[in-house]
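I opened my notebook beside the viewer today and jotted down each thing as I looked it up. Here are the entries, in the order I made them.

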Amino acid sequence: MQIDIITLFPELLTSPFEASILKRAILANKVKVYFHNLRDYARDKQKNVDDYPFGGGAGMVLKIEPIDNCLNHLKKSKVYDEVIYLTPDGEQLNQKISNSFSTKQNLVIICGHYKGVDQRVRDHLITKEISIGDFVLSGGEIAAAVLCDSIIRLIPGVLGNESSALTDSYQDDLLAPPVYTRPSDYNGWEVPKILTSGNTPKIDEWRESMAIEKTKKLRPNLLKS
Ligand code: ADE
């Protein structure tokens, strides 16, 4: 998979890819991630990437030309499955959407900033609008890191234990069951006996019933779906 990220602030975005699972995925060639600074695609002398909104009002708007220039440049060497724009008014990200993106070959992610992008970018240049939740961030960069992390961990072979992404919360509309590690007794707080019994079928049964119980208690809406 290749992910091309268009941003005004690549420095806000690079460190999540330099540690842990995302770093390993890149080193193992499971995914290539490239950052494209929008300013490099501004053609005027001042390298303007934003301007005042028509009709007045607070805040700056990202111009369409640099974004279109950058997309045209990328599209010269790749066909993209999706061009994703990150915005608080997009479709809310969930595990199903991440699963679907993780099966794609080439993705472009556009990070908004300031008041967002000229509406014509949204109308003509992108294929998906994604929000990571009902709150407003200063820009799409941190949202892009969240989106990429959720996608990349699902690419086959990225996680050491193939099944571990399948047992994540939300993967089957259930929250993940509780997990414990050594010591089995800490200050008198004991690990459920079943987990140290060595009886794998019983442990699986326990985990499933705990997952259902936890989901009923914390996120009953997931069970309804
Ligand atoms: N940009 C600003 N806020 C955002 C959000 N909640 N999700 C995605 N992109 C954003």
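**Entry 1: helix α2**

Which residues of α2 are buried? Before answering, I noted for myself that this is a predicted model. I then found Pro66, Ile67, Asn69, Cys70, Leu71 and Leu74 buried in α2.

Next I looked up what lies over them. The cover on the buried residues of α2 includes β1, β2 (32-37), β4 (61-62), β5, β6 (106-111) and α4 (119-124).

I also checked the length of this helix. The 12 residues of α2 should span 16 Å at 1.5 Å a residue, and I found its end C-alpha atoms 16 Å apart, so the two agree.

**Entry 2: Leu74**

Is Leu74 buried or exposed? Its relative accessibility is 5%, so I wrote it down as buried; the cut-off for that word is under 20%.

I then listed its partners, setting aside neighbours within four places in sequence. Leu74 is in contact with Asp4, Ile6, His36, Tyr80 and Val108.

Leu74 and Leu222 stand 148 residues apart in sequence, and 39 Å separates their C-alpha atoms in space.

**Entry 3: Thr7**

I moved on to strand β1 (residues 2-7), where Thr7 sits. Thr7 has a relative accessible area of 1%, so I noted it as buried.

What does the side chain of Thr7 reach with its polar atoms? I found two answers. A polar side-chain atom of Thr7 lies 2.7 Å from the backbone nitrogen of Phe9. The side chains of Thr7 and Glu141 are joined by a polar contact of 2.7 Å.

Not counting residues up to four places away in sequence, Thr7 touches Leu13, His36, Asn37, Leu38, Cys111 and Glu141.

**Entry 4: the ligand**

Which residues come nearest to the ligand? Of the 13 residues around it, I wrote down Thr87, Ile132, Gly133, Phe135 and Leu137 as the nearest.

- For Ile132, I read 2.9 Å from a backbone N or O atom to a ligand nitrogen.
- For Phe135, a backbone N or O atom lies 2.7 Å from a nitrogen atom of the ligand.
- For Leu137, a polar backbone atom is 3.0 Å from a nitrogen atom of the ligand.

Taken alone it exposes 260 Å², and the protein buries 96% of that.

Which strands supply at least two residues each to the shell around the ligand? My note says β5 (82-92) and β7 (128-131). With three residues, β5 gives the most to that shell.

**Entry 5: Ser98**

I looked at helix α3 (residues 95-102) for Ser98. Ser98 has 1% relative accessibility, so it goes into my list as buried. Leaving aside neighbours within four places in sequence, I found Ser98 in contact with Leu93, Ser150, Ile151 and Leu154.

**Entry 6: helix α6**

Helix α6 (residues 200-218) has 19 residues. From its first C-alpha to its last it reaches 26 Å, close to the 27 Å expected at 1.5 Å a residue.

Its buried residues are Ile203, Trp206, Ala211 and Thr215.

On the face turned away from the buried side of α6, I noted the exposed residues Pro201, Glu205, Glu208, Glu213, Lys216 and Lys217. The buried residues of α6 pack against α7 (220-224).

**Entry 7: the whole protein**

I finished by zooming out. I counted seven helices and nine strands in the protein. Its C-alpha trace spans about 70 × 40 × 35 Å along the principal axes.

Of the 225 residues, 40% are buried. Among contacts between residues at least 6 apart in sequence, 75% join residues at least 24 apart. The accessible surface comes to about 13,400 Å², and carbon and sulfur atoms hold 52% of it.

How values were computed. Residues numbered from 1 in each chain as written. Predicted model: local features only at pLDDT ≥ 70, side-chain atom pairs only at ≥ 80, totals over all residues. Heavy atoms only, no water. Helix = DSSP H or I, 4+ residues; strand = E, 2+ residues; numbered from the N terminus. Expected span 1.5 Å × (residues − 1). Buried < 20%, exposed > 50% of the residue type's maximum accessible area, 1.4 Å probe, protein only. Contact = heavy atoms within 4.5 Å. Near = heavy atom within 4 Å. Polar contact = N/O pair within 3.5 Å; in protein donor to acceptor, adjacent residues only side chain to side chain. Areas by Shrake-Rupley, 256 points an atom, 1.4 Å probe, with all protein chains shown as cover.
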